[in-house]
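Here's a quick tour of some strands, a helix and a cavity. Have the viewer open and follow along.

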Amino acid sequence: MSNVALFNPSKVPAHVKARGELSAIAKALAGGGGVAGGKRVSIKGGVFRLISGGKEVAAIEERYLDVVVVNAAPNVSRVFYGAKYDADKVAAPDCWSADGVAPDAAVKDKPAAKCDACPNNIAGSGQGNSRACRYQQRLAVVLANDMGGDVLQLTAPATSVFGKEDGDKRPLQAYARWLAAQNIDPSEVITRMNFDTKSESPKLFFKPMRWIDDDEAPVIKKQGQTADAKNAVAMTVFKNDTASVAAPIDVPGKRPAKVEAAADEDEEPVVRKEEKKPSAVPKAKANLAEMVDDWDES
C-alpha cells in the first residue's frame, strides 16, 4: 500500500476526525518545542535490540521495526562526556541538558551558562567536524504487533533526528513535520523504523505504514498516559555506588557507545563555529517474527 493511498482524507479513521488539534507528541517530534533498568529498544551496532534491566533479551534480524509512538520528550536533549570512552567504567556525563538550552541544575562544573555559547557545541570540538556534546531525542514506543504490551524507551541520536528527507526516507523531525502538514499525529499511525544502509553509524529513517484503527486507538491513548511512557521520555539521573549517572543512550549503567562523526552538518541545528578548535575541549569518543515471551527482569 502506498503512502498516498494510506493517507487519503476519505479514509481517515473516525478517532482521527474527532481528535482536534495535534498532540504535544507531534509538536515535540517536529522540533517545536529513561529510566535506568527499564525496557528499551537499542540501535547499537545497527541492530534493533530489546533491552531489559540492562541486559539484551533479543536481537531482531530484520533491518526494520514497526512501532507506534505513544509519547516523546518535549525537547531535544544533550549529553556531553569529556573523558575517553571506557566500556567497563560506570561514570556520570560531564554535562547534560534536558531542554537543549542550558545545562541541568545538577551539573557541578558547567562548561557554559547556555548550550549555544558552549565550546562543546562548536562544530569540530568532537571527532571530525562533529560536536563533542551530542543531541538526542527520547521516545516512548510500543511494538506494532503488541500495542497493549510493554512501553519501550527509544533514544534517537542526532543523525536520526535531524537532516533532510530523501524521497520517503525521512529523519525523525522531517517525518513528524511531514505528518503534521497533513494534520496527522504520530500516535495515529504505525511507524516503520529502517536503518540507513549507507551510514557507517546507526541511523534511522521513519515512514508510515498504516492508520491505527478505531479499536486500537483507545489502547494507544492509554499507553501514552502510563507512568512507563512518561518515565521513558524523561531525562533522569540515577545513583550508583560512586556517582550520579544520567540515563545513557544504549545499555543502562554503561557509558554510551562510541559515536561516529556526523557526515553532514545539516543533520544538526546551526551552531557556533570557530576556525580553530579550543585546545581545552577533549574529543568525544565516540517482521519481528514474534514477541519475546518473557522479559528478563534480573
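Predicted model: local features only at pLDDT ≥ 70, side-chain atom pairs only at ≥ 80, totals over all residues.

Let's start with S9, which covers residues 189–195. Six of its seven residues are buried, so the rest of the structure largely encloses this strand.

S9 has pairing partners to look at. With S4 (residues 64–72) the pairing is antiparallel and takes four bridges; to find it on screen, look for tyrosine 64, whose bridge partner in S9 is asparagine 194. S10 (residues 204–211) is also antiparallel to S9, and seven bridges join the two. Here you can pick out threonine 191, which sits opposite proline 208 of S10.

## Strand S8, covered on both faces

How many of the residues of S8 (residues 152–157) are buried? Six of six, so to speak, and the strand counts as mostly covered.

As for partners, S1 (residues 40–42) runs parallel to S8, joined by two bridges. Arginine 40 has glutamine 153 as its bridge partner there. S7 (residues 133–143) pairs with S8 in the antiparallel sense, over six bridges, and arginine 138 stands opposite threonine 155.

## Helix H5

H5 spans residues 172–181, and its buried residues are Leu172, Gln173, Ala174, Tyr175, Ala176 and Leu179.

Just past the end of H5, check the backbone at asparagine 183, where phi is positive, at about 60°.

## The second largest cavity

The second largest cavity holds about 90 Å³ of space. It is lined by 13 residues, and those closest to its centre are Arg78, Cys95, Cys115, Cys118 and Cys133.

Which strands supply at least two residues each to this lining? They are S5 (77–80) and S6 (95–97), with S6 giving the most, at three residues. Sorted by class, the lining has eight nonpolar, three polar and two charged residues.

Note on methods:
Residues numbered from 1 in each chain as written. Heavy atoms only, no water. Buried < 20%, exposed > 50% of the residue type's maximum accessible area, 1.4 Å probe, protein only. Pairing = 2+ DSSP bridges. 1 Å grid on protein atoms, 1.4 Å probe; cavity = no way out; pocket = protein on both sides within 12 Å on 5 of 7 lines; lining within 4 Å. Points joined across faces, edges and corners; volume = space filled by probe spheres on them. Nonpolar A, V, L, I, M, F, W, Y, C, P; charged D, E, K, R; others polar.
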